[in-house]
Amino acid sequence: KKMSSPLAKSGIWWKKKSRSSHSGIIPMDEALYTTLSVSTGNNTAPSNESKEASRLILEAIQLRDKYEDLNFGWENNWEMPEGGAFSDDDCNVTDEQFHLINGVYHVHTPDGQDISKGILSVHEFLDDYNRLNKIINSGPVKTFSYKRCRMLRKKFKLHLLVNEDLESIGNEDDPRDFLTIIKVDTHIHLSAAMTSQYLLKFIKTKAREHGDDVVMQRDGKDITLEDYLAEVDLDIDHFTLGSLDTQADNTFQRFDNFNDKYNPFGKSGLRSIFLKTQNHMGGRYYSEITKGLMKDLESSKYCVAEWRISIYGRKSDDWDNLSKWVCSHEIFSSHQRWLIQIPRIYFVYKKIGMIDTFQDMLDNIFIPLFEVSRDPSSHPELHKFLNQVSGFDSVDDESRPEDQFNASFANIPPSEYDSPDNPPYAYYMYYMWANITALNIYRRQKGLKIFDFRPHCGESGALNHLSSAFLVTRGINHGIQLASSPALQYLYYLKQVGIAVSPLSNNKLFLELAKNPFPKFFERGLNVSLSTDDPLQFHLTDYPLLEEYTIAAQRWGFSSTDLSEIAQNSVLQSGFEITQKKIWQGPRWNERWDGNDIKFSNVPSIRSQFRKSVFDYEMSMLDHWANGISILNDNSLVSIVLNTPSQIADCSDYKEAKDKLIMALDIRNKYKSVKSNERTENTSVCAHIS
């Protein structure tokens with residue numbers, strides 16, 4: 001099978017499949033098409049450097065697998081109770097005991113068995129973290145990953161070049177389109193989930209119609225909304241979007257200015273009145289805003305969301321207060337789930353004396369969760385609220401300087417960490433992961449819902465944030481710093497770690513839209529989705545998520561198939577229940593590309609087949625090359641479906657193009673005296689076109 005032509009030597013071979021008697025367009029499921037097979041080299045054994053890089057990359061994958069397996073691959077088989085989120089389902093009370101061991105809660109059965117004993121220690125995490133950082137900074141791995149990332153993007157561009165028309169044809173009989181498939185906003189904060197116009201209208205309405213509402217007390221005196229507005233010199237007749245001042249202007253590389261944008265009209269008091277769950281009114285205004293946003297989601301029909309809401313870890317009753325707010329106001333929608341964001345601001349609480357050690361913060365976050373898992377009646381409202389919770393997030397300004405996570409920090413258990421400084425990002429990541437994992441193991445055993453861990457990561461700051469997240473998270477938010485590390489980018493691709501990117505947010509804070517790596521991530525096949533982050537600051541329309549998709553399509557030239565694939569990723573990344581995902585993406589939604597069904601996803605099978613073939617090739621190549629074996633053979637080539645004349649014979653556009661090309665060649669021959677060999681060449685071209 002060896003060929004001596006330059007085309008063969010380059011690793012690009014043509015293979016023709018048998019043709020059928022079908023006329024016109026051949027259905028894709030019949031697989032009767034010509035393929036272009038692209039290899040990455042010749043049929044000799046890989047170089048020593050490629051062998052070393054492949055071996056190290058597979059080792060890095062195995063490091064992540066250790067942490068992922070402890071969380072059951074982050075698969076959640078739990079379903080919403082038949083009576084709904086607020087139903088009084090049977091309380092399965094058990095009598096396990098919880099013991100704190102080096103910052104991690106372990107669950108012991110009455111006979112003394114530790115069901116959490118498999119959780120990796122902080123020193124094991126440190127060893128894996130250091131090993132991963134060494135791997136991604138290895139010269140062979142950096143070079144190898146850079147080339148593979150480039151190859152992935154080139155393959156996608158070649159796929160579009162030869163198959164874009166087939167993808168469009170594949171969509172013609174699809175009952176859905178991009179607008180009628182589910183899109184999940186997997187990264188959005190409730191305190192900024194409304195647009196500026198929405199918030200301004202709400203505040204105006206309350207000021208005009210409910211000015212006598214008592215919104216706070218001071219020195220035993222009731223203060224109404226009208227009183228407060230007069231006190232801060234705000235005139236309702238002069239309320240404008242400009243004076244509201246919530247749009248993210250003058251915030252680039254200024255996270256402090258950005259945080260101020262959460263204060264309507266620049267007044268922190270108005271934020272407490274309108275955008276807090278705990279205030280004199282019991283968070284009534286905030287609940288009305290939230291339920292209004294839920295109605296908007298439901299009316300949009302095809303946009304759903306996972307809103308972030310905070311548990312700070314500063315007080316032991318944080319969970320009870322939040323769940324009481326949700327349950328008392330009956331805040332629930334089938335189009336929405338919660339992610340609990342834990343701000344990484346230990347140093348703030350330490351400074352004002354609310355906590356003494358990092359363990360105090362962990363206790364306030366996790367003790368109520370273990371208690372309600374053991375006995376739901378101990379925190380009945382929290383038990384109901386957790387039915388709506390998808391998982392945990394970790395948030396704050398990553399660009400803030402921090403110490404490097406090392407053995408010195410690993411040797412300090414949280415109960416002894418009383419420094420006024422914030423612990424490193426990786427320290428947070430480990431203790432969040434370890435306690436979430438212990439909780440998940442316990443809750444899974446009891447048939448309760450388990451939780452994702454999807455923190456903010458890679459928006460700014462050090463690359464080692466992305467290293468720690470690669471080990472211990474299901475997915476991340478932002479991730480744009482991956483562009484600086486081809487090795488980490490390649491690993492995130494190989495493990496299909498979910499990345500919720502917010503280009504409009506990045507554009508106002510850390511990275512201009514023109515420089516955003518999202519289109520490259522998508523073309524290379526990373527598991528990326530689009531999200532809004534904070535519509536209050538970044539968006540202008542009533543449909544912020546569609547605004548993200550629209551701007552991405554205009555800026556980067558995404559097709560309907562591209563947008564549908566991004567939307568499909570958002571569903572797979574989300575923490576919605578299996579029943580919902582089956583409705584949105586089909587019964588085989590969890591089989592990734594093999595389970596793609598165009599009737600649900602609007603993604604043509606030719607696109608999913610391409611993604612799978614490229615991914616399978618990468619994994620096979622790594623496995624073979626790590627063992628010094630060449631993989632260049634007929635069974636391991638990457639096949640790309642081509643438009644052949646038999647497939648497009650009945651397409652009128654192609655017939656017209658063919659006729660005009662022949663006409664153009666005939667015109668040239670009329671006016672130019674050509675040599676016989678050129679005339680023969682033109683005749684050959686005409687015959688080929690025909």
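What is the volume of the second largest pocket? The second largest pocket has a volume of about 880 Å³. More on its lining follows below.

## The chain as a whole

This is a predicted model. The protein chain holds 29 helices and 16 strands. Of its 690 residues, 56% count as buried. Take the contacts between residues at least 6 apart in sequence: 74% of them join residues at least 24 apart.

The largest pocket has a volume of about 1,000 Å³. Its lining counts 39 residues, and the closest to its centre are R271, K276, S310, Y312 and Q341. Six elements are listed as giving two or more residues to this lining: helices α8 (255-260), α9 (268-274), α11 (318-328) and α12 (346-351), with strands β8 (303-310) and β9 (336-343). By class, the lining has 17 nonpolar, 11 polar and 11 charged residues.

Now back to the second largest pocket, with its volume of about 880 Å³. Here 33 residues form the lining, and G73, E75, R474, L572 and N590 are the closest to the centre. Helices α2, α23 (560-573) and α24 (578-585) each give two or more residues to the lining. The classes divide into 10 nonpolar, 12 polar and 11 charged.

## Helix α2 and what follows

Helix α2 covers residues 48-70, which makes 23 residues. At 1.5 Å a residue, α2 should span 33 Å. Just after α2 comes F72, with a positive phi of about 60 degrees.

## T437 in helix α16

T437 lies in helix α16, which runs over residues 425-445. Is T437 buried or exposed? T437 is buried, because its relative accessible area is 0% and the cut-off for buried is under 20%.

The side chain of T437 has a polar atom 2.7 Å from the backbone oxygen of W433. An α-helix has 3.6 residues a turn, so residues three or four places apart point the same way. Beyond its neighbours within four places in sequence, T437 is in contact with L70, N71 and I119.

## S323 in helix α11

S323 is found in helix α11, one of the elements that line the largest pocket. S323 counts as buried because its relative accessibility is 0%. A polar atom of the S323 side chain lies 3.2 Å from the backbone oxygen of D320.

Which residues does S323 contact, once neighbours within four places in sequence are left aside? They are E381, L382 and F385. P380 is 57 residues from S323 in sequence, yet the two C-alpha atoms are 9.0 Å apart in space.

## Positive phi in two loops

Most residues other than glycine have a negative phi. Q496 has a positive phi, near 50 degrees, and is not a glycine. Q496 sits in the loop between α18 (486-494) and β14 (498-501). With 13% relative accessibility, Q496 counts as buried.

N602 is not a glycine either, and its phi is positive at about 65 degrees. Where is N602 found? N602 is in the loop between α25 (598-601) and α26 (605-626). At 2% relative accessibility, N602 also counts as buried.

Notes:
Residues are numbered from 1 along each chain as its sequence is written. This is a predicted model: local features need pLDDT of at least 70, side-chain atom pairs count only at pLDDT 80 or more; totals for chains, interfaces and linings use all residues. Side-chain values use heavy atoms; hydrogens and water are left out. Helices (H or I, at least four residues) and strands (E, at least two) are DSSP runs, numbered from the N terminus. The expected span of a helix is 1.5 Å times one less than its number of residues. Buried means under 20% relative accessible area, exposed over 50%, partly exposed in between (1.4 Å probe, protein chains only). A polar contact is a pair of N or O atoms within 3.5 Å; within protein, one must be able to donate a hydrogen and the other to accept it, and residues adjacent in sequence count only if both atoms are side-chain atoms. Contact means heavy atoms within 4.5 Å. On a 1 Å grid over the protein atoms alone, a cavity is a set of points where a 1.4 Å probe fits but cannot get out, and a pocket is an open set with protein on both sides within 12 Å along at least five of seven lines; lining residues have an atom within 4 Å of a point. Grid points are joined across faces, edges and corners, and a volume is the space filled by probe spheres set on the points. Ala, Val, Leu, Ile, Met, Phe, Trp, Tyr, Cys and Pro count as nonpolar, Asp, Glu, Lys and Arg as charged, and the others, Gly among them, as polar.
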